[in-house]
Every structure is written in C-alpha cells, then in structure tokens.
Amino acid sequence: MSDRHAGINRLEDALRLPPHRATTVVMLTDSHSFLSRITLPDLTATKALGMRVAGRLQIGDTVALKGDLGAGKTTLARAILRTLTVAESVPSPTFTLVQTYETPRLAVRHYDLYRIENPRDIDELGLDEALEEGAVLIEWPEHAGSRLPGDALQIALTATGAQSRLADITGPARWAPVFTEGALVR
Ligand SMILES: Nc1ncnc2c1ncn2[C@@H]1O[C@H](COP(=O)(O)OP(=O)(O)O)[C@@H](O)[C@H]1O
Ligand SMILES: [Mg+2]
C-alpha cells in the first residue's frame, strides 16, 4: 500500500469510520491528482466499477490494474471490455501477454505483464502504438517500471473476503468525477 493510501487509513481512523465501508473517500492530493477508496462488496460492485471506468475511457488512456493473484484484475478488465460491447471471450492474457479488442468507440489492448522480467521487454509489445490507437489495460503494471505512462489511472485491488474487494484508486484529476458522481464523498 502506498504512503498516500496509508493516509486514507489514518483518515478513517481519525474520523472513526469503520474501515472498508462501502463509501468513497476522495481527496485531491494536489491540483493534478486524486485518491479514492471504494469498497466492492461483491462481483456486481466490481462490474459497476468497470462500467464507470469504461464510460470515461479515451484514446491514449492507461488503466493500471494492481493486486495479487485472484484479486480481480482480469475480472475488472473484462467488465470494462464488456461495457465497451466486446462480445467475444475475454481470456486472461497471462500467456499471450496482450489481447487486442476493437470496440465501436476505441481499440483496447489488454496486457498482463506478470511474466515480464525486464521492463525493456515491453518495448516489443507495442505499448506506444497501442496508446496512439486506443486505450490500454495493464495487469501487473509494476513490471513495466518506468515504461508505465505517468498519467495512468491506477486501481489496486485487495481481497477482503471471498466476494469482497477493496479498490484503492489514484490518477490524474480528470478521472476523479468518475469515482465521486453518485457516491458519498466526505
Ligand atoms: N468482488 C469481486 N471482484 C472481482 N473478482 C471477484 C469478486 N468476488 C469474487 N471474485 C472472483 O475472484 C476471482 C478473481 O480472478 P481474476 O479476475 O482472474 O484475478 P486476477 O486477474 O487479479 O488474478 C474470480 O474468480 C472472480 O469471480
Ligand atoms: Mg489476471
């Protein structure tokens, strides 16, 4: 967990909020970025998060999906792609490293960098071209090192139960409304 998300823990303590409640905490950490924590009680909530992200996804966007094996990164990526009306199967790119989808609004490439050991190997995966032509979803973005675009929307998933997940989200301020509209903000 990042220092900034440790800050959310302290904020919850200070406000005496039960941790992991189904609300969103949003703080503009500076004028350029935001921080949000969303509780996902079940799969439906994760799909709803995917719908929100898909609604704002544009050409040139990177969505970095962090979290341990089984946290729900592929499930969230699938929800984003389904919202963009991808009807074909959406396999995990664990072995192919990248899957490409055409959607009516934009092309999307879905990466899984788990097996990438050296960030230099990413140069062969066409990330720059992908961002010129569409948006990219990246699982295991830590393996991209400095090649991860600095303006990525970062969603870190943590399993808190069999069905429940915690989403810690940070990124450029333009994404903030996506996670605050219709949510309880304090
Ligand atoms: N709220 C939830 N959000 C995401 N996945 C969930 C949730 N509840 C249960 N799951 C299950 O957890 C598993 C997540 O797997 P997957 O998305 O492949 O994880 P990852 O890509 O992070 O390794 C799936 O079997 C999914 O059905
Ligand atoms: Mg996965």
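Student: Which helices each supply at least two residues of the shell around ligand 1?

Tutor: Helices here are DSSP runs of H or I with at least four residues, and strands are E runs of at least two, numbered from the N terminus. In this predicted model, helix H2 (43-56) and helix H3 (73-83) each supply at least two residues of that shell. H3 gives the most, with 3 residues. On conventions, residues are numbered from 1 along each chain as its sequence is written, while chains are lettered from A and ligands numbered from 1 in the order in which they are written. As this is a predicted model, local features need pLDDT of at least 70 and side-chain atom pairs count only at pLDDT 80 or more, whereas totals for chains, interfaces and linings use all residues.

Student: Which residues come nearest to ligand 1?

Tutor: A residue is near a molecule or strand if its C-beta atom, placed from the backbone, lies within 6 Å of it. Around ligand 1 there are 16 residues, and Thr-46, Gly-72, Lys-73, Thr-74 and Thr-75 come nearest.

Student: And how do I read a nonpolar core? Which residues touch the most other members of the largest one?

Tutor: Start with burial: a residue is buried if 20 or more other C-beta atoms lie within 10 Å of its own, exposed if 12 or fewer, and partly exposed in between, with C-beta atoms placed from the backbone. A nonpolar core is then a set of buried Ala, Val, Leu, Ile, Met, Phe, Trp, Tyr and Cys residues joined through C-beta atoms within 7 Å. The largest one here has 40 residues, and those touching the most other members are Leu-65, Leu-76, Ile-80, Leu-137, Ile-138, Ile-155 and Ala-167. H3 contributes the largest share of this core, 5 residues.

Student: What is Leu-65 in contact with, leaving aside its neighbours within four places in sequence?

Tutor: Two residues are in contact if their C-beta atoms, placed from the backbone, lie within 7 Å. On that basis, Leu-65 is in contact with Lys-73, Leu-76, Ala-77, Leu-137, Ile-138, Glu-139 and Ile-155.

Student: Where is Leu-97, and why does it count as partly exposed?

Tutor: Leu-97 sits in the loop between H3 and strand S4 (98-102). Leu-97 counts as partly exposed because it has 17 C-beta neighbours inside 10 Å. Its phi is near 70°, a positive value in a residue other than glycine.

Student: What about Trp-140?

Tutor: Trp-140 has a positive phi of about 55°, although it is not a glycine. Its place is in the loop between strand S6 (134-139) and strand S7 (153-159).
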